[in-house]
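Hi,

Here is the structure I promised to pass on. Have a look through it first, and then read my notes below.

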There are 2 protein chains.
Amino acid sequence: MRLSQNFTKTRKTIPADEVAKNAQLLIRAGYIHKMMAGVYAYLPLGKMVLDNITQIVREEMNAAGGQEVQMTALQPRELWERTDRWDDKKVDNWFKTTLKNGTELGVGLSHEEPIVDSLRPFVTSYKDLPLNVYQIQTKFRNELRAKSGLLRGREFIMKDLYSFARTQQEHGEIYERLAAAYLRVYDRLGIGADTYRCAADGGYFTDKFSDEFQTLSDVGEDTIYVDEAKRIAVNKEVYNDDTLQKLGLRREDLVEKRAVEVGNIFPLESKYSDALDLYYHDEHGQRQSIVMGCYGIGISRVMGVIVEKFADDRGIVWPHAIAPAQVYLVRIGGDRAVRHADELYDELRAQGIRVIYDDRDERPGAKFADAELMGIPTRVTISDRLLEQQRYEVTDRATSETTLLTRDELFGTLEHN
Amino acid sequence: MRLSQNFTKTRKTIPADEVAKNAQLLIRAGYIHKMMAGVYAYLPLGKMVLDNITQIVREEMNAAGGQEVQMTALQPRELWERTDRWDDKKVDNWFKTTLKNGTELGVGLSHEEPIVDSLRPFVTSYKDLPLNVYQIQTKFRNELRAKSGLLRGREFIMKDLYSFARTQQEHGEIYERLAAAYLRVYDRLGIGADTYRCAADGGYFTDKFSDEFQTLSDVGEDTIYVDEAKRIAVNKEVYNDDTLQKLGLRREDLVEKRAVEVGNIFPLESKYSDALDLYYHDEHGQRQSIVMGCYGIGISRVMGVIVEKFADDRGIVWPHAIAPAQVYLVRIGGDRAVRHADELYDELRAQGIRVIYDDRDERPGAKFADAELMGIPTRVTISDRLLEQQRYEVTDRATSETTLLTRDELFGTLEHN
């Protein structure tokens with residue numbers, strides 16, 4: 001993308017009421033636009049990051065046997081009354097709205113009920129199971145306060161997968177397969193080394209644990225106890241002798257850390273399927289309950305977490321896979337630099353490398369500062385002086401390391417990223 | 001996709017209250033799930049069709065200079081009061097909801113206001129214009145009745161692009177460029193031959209015409225007058241001597257047709273930008289109004305239109321580009337047929353051909369009927385008898401024409417689609 005043709009710019013000022021570091025940086029860099037507290041629109045660069053995260057999650061869910069659907073935001077009251085989740089006293093963060101005829105509707109805060117409802121025409125026999133259904137969709141939650149930017153929004157984007165198994169054993173196998181897929185997702189997103197599967201409270205569904213995926217971060221909301229060797233952790237909320245014994249962990253091996261949740265998976269037992277009359281008939285014609293699981297990743301939340309985790313005093317630092325571009329190409333100088341930069345831009349794109357080309361008439365210092373604020377992993381500079389030397393100046397955003405590379409060295413380096 | 005691993009099946013029964021042919025067929029074929037009147041979820045095959053339509057629209061909007069963003073559903077009241085579109089007496093199909101603190105919010109029925117708002121930090125100078133911004137997003141409209149399936153929903157998916165120009169002349173150039181992009185979209189969707197640019201009322205924004213894109217259909221809601229030679233049309237609502245003179249058309253060249261709207265583009269003048277304080281400064285430092293245009297395509301509506309237009313008494317007939325698969329592979333017979341079908345499935349996919357492989361233990365008649373109901377363009381059958389002849393049976397969904405092809409002939413045919 002030529003920066004001269006992108007409508008956003010970096011900004012000095014941000015909305016006075018914005019207190020979250022992730023949102024402040026994303027607004028300053030032109031990635032998002034604040035509509036109101038907890039509600040953000042995604043501008044072109046922000047949409048690219050969202051799409052990159054989404055695609056990684058989608059590929060791993062497909063590889064784990066997920067089938068993608070798209071549920072609706074508008075939700076009929078009856079469905080949620082059957083699971084006792086309609087009453088505002090039971091679920092306190094609904095947004096609700098009303099049809100012209102006075103019928104109350106919900107605005108989707110979760111999708112267990114509609115997903116189960118949509119399976120009812122298709123699932124009757126043991127031959128129809130197991131199956132995994134997921135969507136990547138907007139969710140709406142009427143939070144009293146929303147001050148964490150993308151980390152806890154009133155409107156946010158989430159991947160939610162639901163598994164349907166015939167037995168506890170089959171459920172357990174799917175659950176572990178999805179847990180492994182989650183670790184692959186975090187690896188690909190660039191936060192694998194600091195992300196742990198973490199035992200947490202199973203909630204009111206089950207006496208089993210649920211699992212969170214927690215990424216180490218000094219600004220994290222959670223306290224977790226990490227076994228570095230085993231690469232698993234325990235949330236403070238279930239950190240007791242009983243838990244440690246069940247998990248085979250010892251207090252002396254655990255280190256207390258601050259962390260932020262980037263996903264969670266939990267057993268639902270048969271709460272929703274029974275309530276919504278989704279059963280299967282086994283080989284003997286007997287009606288049986290279905291064992292469900294639920295697997296969430298907040299796509300927009302992960303985007304905010306990654307900003308907070310890696311940012312420095314100069315701005316955002318994106319991991320390669322989710323950056324809106326791999327290369328930020330800066331040109332400095334006259335006609336010759338312009339011609340060479342135009343050519344390099346075309347060549348990089350021909351190699352499938354995503355490039356932001358700063359073709360604006362700006363001071364070099366302003367271009368460098370924008371490249372840093374926007375967090376593009378590799379900055380490549382072309383100038384008249386560098387052309388004399390037949391070298392490109394290549395700067396790594398994360399380490400600030402600068403090297404002078406020949407053309408072949410440059411392409412070799414970028415291929416490895 | 002192996003059909004045995006797809007959770008949906010074709011259905012005999014549909015919801016009793018579903019009267020729209022497009023929704024009836026899509027429900028029977030397992031593409032969509034009805035949540036309530038005018039609100040449909042997309043199951044895996046339906047999601048694939050939506051994604052195929054979306055991708056064609058996205059590519060053409062990008063080629064026409066569009067920059068993609070993603071606005072929010074939740075909308076702050078203040079923004080819409082400034083354009084006088086908040087009051088239910090002014091706009092009668094809002095869904096509204098309420099924050100915990102009592103603040104009323106809108107649930108996005110359109111996005112002129114937030115798009116203009118999001119540009120305000122970035123557009124100040126003539127150098128920042130022109131620009132085109134679009135999104136592909138869910139819209140919510142509180143329709144009194146919703147009986148047309150995907151053709152007019154309470155929740156639906158729409159591409160909406162907004163153009164921002166410095167002068168009427170610049171606006172006119174963008175407007176014509178987008179009109180041409182629209183015709184390319186309909187060509188690629190498979191309805192180009194029957195889709196006309198159609199002059200319609202400009203609404204309350206302007207004394208100019210707006211343009212609809214109308215696809216001929218016996219069940220269309222609109223009456224239009226078509227000049228077949230010039231490939232333009234006039235909507236009945238503006239069919240008068242004055243209009244015909246302005247457009248250089250003669251009554252004797254026009255034929256009355258039924259048609260259904262698949263898109264519309266219209267001038268907005270400066271109504272929204274002025275109201276929301278978005279101006280630019282010209283070369284002389286003078287503040288100037290911005291000339292806006294608006295360009296909509298209902299993605300889910302187009303899906304419904306295409307179903308209604310091409311369906312026959314055996315089911316859906318998808319155009320190649322948007323079908324969930326190009327090939328429906330049927331295997332009949334024993335181990336040898338299974339082995340050959342497995343191989344062909346892999347080979348077709350290796351060629352980048354999208355395949356639904358009916359690997360179920362079903363009667364041939366049931367497989368053929370499902371292939372027809374689901375509307376996959378090309379059915380390829382492998383059986384023990386055909387293997388003896390070293391031929392594949394290839395049946396075209398639209399024409400029912402069946403041919404026996406060698407392997408090379410089969411791949412040659414599919415490459416041309």
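This is a predicted model: local features need pLDDT of at least 70, side-chain atom pairs count only at pLDDT 80 or more; totals for chains, interfaces and linings use all residues.

Residues are numbered from 1 along each chain as its sequence is written, while chains are lettered from A and ligands numbered from 1 in the order in which they are written.

Helix α2 spans residues 44-63 of chain A and helix α5 residues 168-189 of chain A; their axes come within 10 Å and cross at roughly 150°. Helices here are DSSP runs of H or I with at least four residues, numbered from the N terminus, and axes are lines fitted to C-alpha atoms over the stretch in contact, with angles from 0 to 180 degrees between N-to-C directions. That crossing makes α2(A) roughly antiparallel to α5(A) (an angle over 145 degrees). Among the residues making the contact are Ile53(A) and Glu60(A) of α2(A), and Val185(A) and Arg188(A) of α5(A) (contact: C-beta atoms, placed from the backbone, within 7 Å).

Now the two chains. A rotation of 180° with 0.0 Å of shift along its axis superposes chain A on chain B, with RMSD 0.0 Å (least squares on C-alpha atoms of residues with pLDDT of at least 70 in both). That is the relation of a two-fold axis. In chain A, Thr97(A) has the C-alpha nearest the axis, 2.6 Å from it. The copies meet through the same surface, because 100% of the interface residues of chain A are also interface residues in chain B.

Enjoy exploring!

Terms used:
Two residues are in contact if their C-beta atoms, placed from the backbone, lie within 7 Å. Helices (H or I, at least four residues) and strands (E, at least two) are DSSP runs, numbered from the N terminus. Angles under 35 degrees count as roughly parallel, over 145 as roughly antiparallel, 65 to 115 as roughly perpendicular and the rest as oblique.
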